[in-house]
Amino acid sequence: GNPLTAVLNSVNPNEVDLTLSTSLSNGQDYEITVSGVADLVGNIASNETAIFTFFIPDNPQVGDVIFNELFPDPNPSVGLPEAEFVELFNRSDLFFDLEGWTLVNTTTERVLTSFTLPPNEYLILCDAADVDLYTSFGTVLGIPSFTALSNSGDSLTLLDADGEILDVVAYA
């Protein structure tokens, strides 16, 4: 249906605030079509359609998101790129925003940026420079100066934005 109101945002003129007649459902895909919109000088935009998933981020519990796979020694590459990665798995039925989550490798910490991790989905974490190497393998989030994974063994910890431990893995 159509929104009840569409009001230009008073703080950011690039945004329009919509009031809907019914609430959106968490985790549901929606399609929005924008038509007949003109900018402040009267230029009319072409019709645009986009699909989006509405979600309200949930608070994770221990074990909701786990380390699923580690690749600390990329040589020999065994059919994978010669770059380290860590794969996370959201084994819950909840949506999480990873903003502020922390990957800890012994004492090195890397804070994650905003990223939506849907239920039952995997996410590859690697160095920002290596993202293109892994996109054919799944969803990838690049981390600037990704922490080096020790080839002889180490421990990794995943913390939520509140600093609560979600998962810990030690490998040899």
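Residues are numbered from 1 along each chain as its sequence is written, and side-chain values use heavy atoms, with hydrogens and water left out. As the model is predicted, local features need a pLDDT of at least 70 and side-chain atom pairs count only at pLDDT 80 or more, whereas totals for chains, interfaces and linings use all residues.

The chain contains one helix and 14 strands, where helices (H or I, at least four residues) and strands (E, at least two) are DSSP runs numbered from the N terminus. The chain is more spread out than a compact globule, because its radius of gyration is 20 Å, well over the 16 Å that the globule rule gives for 172 residues; this radius is taken over C-alpha atoms, and the rule is 2.2 Å times the number of residues to the power 0.38. Along the principal axes, the C-alpha trace spans about 60 × 30 × 30 Å.

Of the 172 residues, 33% are buried, a term that stands for under 20% relative accessible area, while exposed stands for over 50% and partly exposed for values in between (1.4 Å probe, protein chains only). The accessible surface of the chain is about 10400 Å², and carbon and sulfur atoms hold 50% of that surface; such areas come from the Shrake-Rupley method with a 1.4 Å probe, and for residues only the protein chains shown count as cover. Among the contacts with a separation of 6 or more, 50% are made by residues 24 or more positions apart, a contact being heavy atoms within 4.5 Å.

Seven aromatic pairs are present in the structure, and ring pairs join F71, F85, Y134 and F137 into a cluster. Rings of Phe, Tyr and Trp (its six-membered ring) pair if their centres lie within 6.5 Å, with planes under 30 degrees apart counted as stacked, over 60 as edge-to-face and the rest as tilted.

The largest pocket holds about 750 Å³ of space, and its lining consists of 26 residues, of which P3, L18, I32, T33 and V34 lie nearest its centre. The elements that give two or more residues to this lining are β1 (5–8), β2 (16–19) and β3 (28–34), and β3 gives the most, with five residues. A pocket here is an open set of points on a 1 Å grid over the protein atoms alone, where a 1.4 Å probe fits, with protein on both sides within 12 Å along at least five of seven lines, and lining residues have an atom within 4 Å of a point. Grid points are joined across faces, edges and corners, and the volume is the space filled by probe spheres set on the points.

Several individual residues complete the description. L117 lies in strand β10 (residues 116–117) and is buried, at 1% relative accessibility. Not counting residues up to four places away in sequence, L117 touches V65, N90, L94, F95, F96, L98, Y122 and L123; the C-alpha atoms of L117 and L94, which are 23 residues apart along the chain, are separated by 8.6 Å.

D93, by contrast, is exposed, with a relative accessible area of 63%, and belongs to the loop between β6 (85–90) and β7 (96–97). The C-alpha atoms of D93 and E121 are separated by 9.8 Å, the two residues being 28 residues apart along the chain. In the loop between β10 and β11 (122–127) lies N120, which is partly exposed at 46% relative accessibility and has a phi near 55°, a positive value in a residue other than glycine. S145, in the loop between β12 (140–143) and β13 (154–159), also has a positive phi of about 55° although it is not a glycine.
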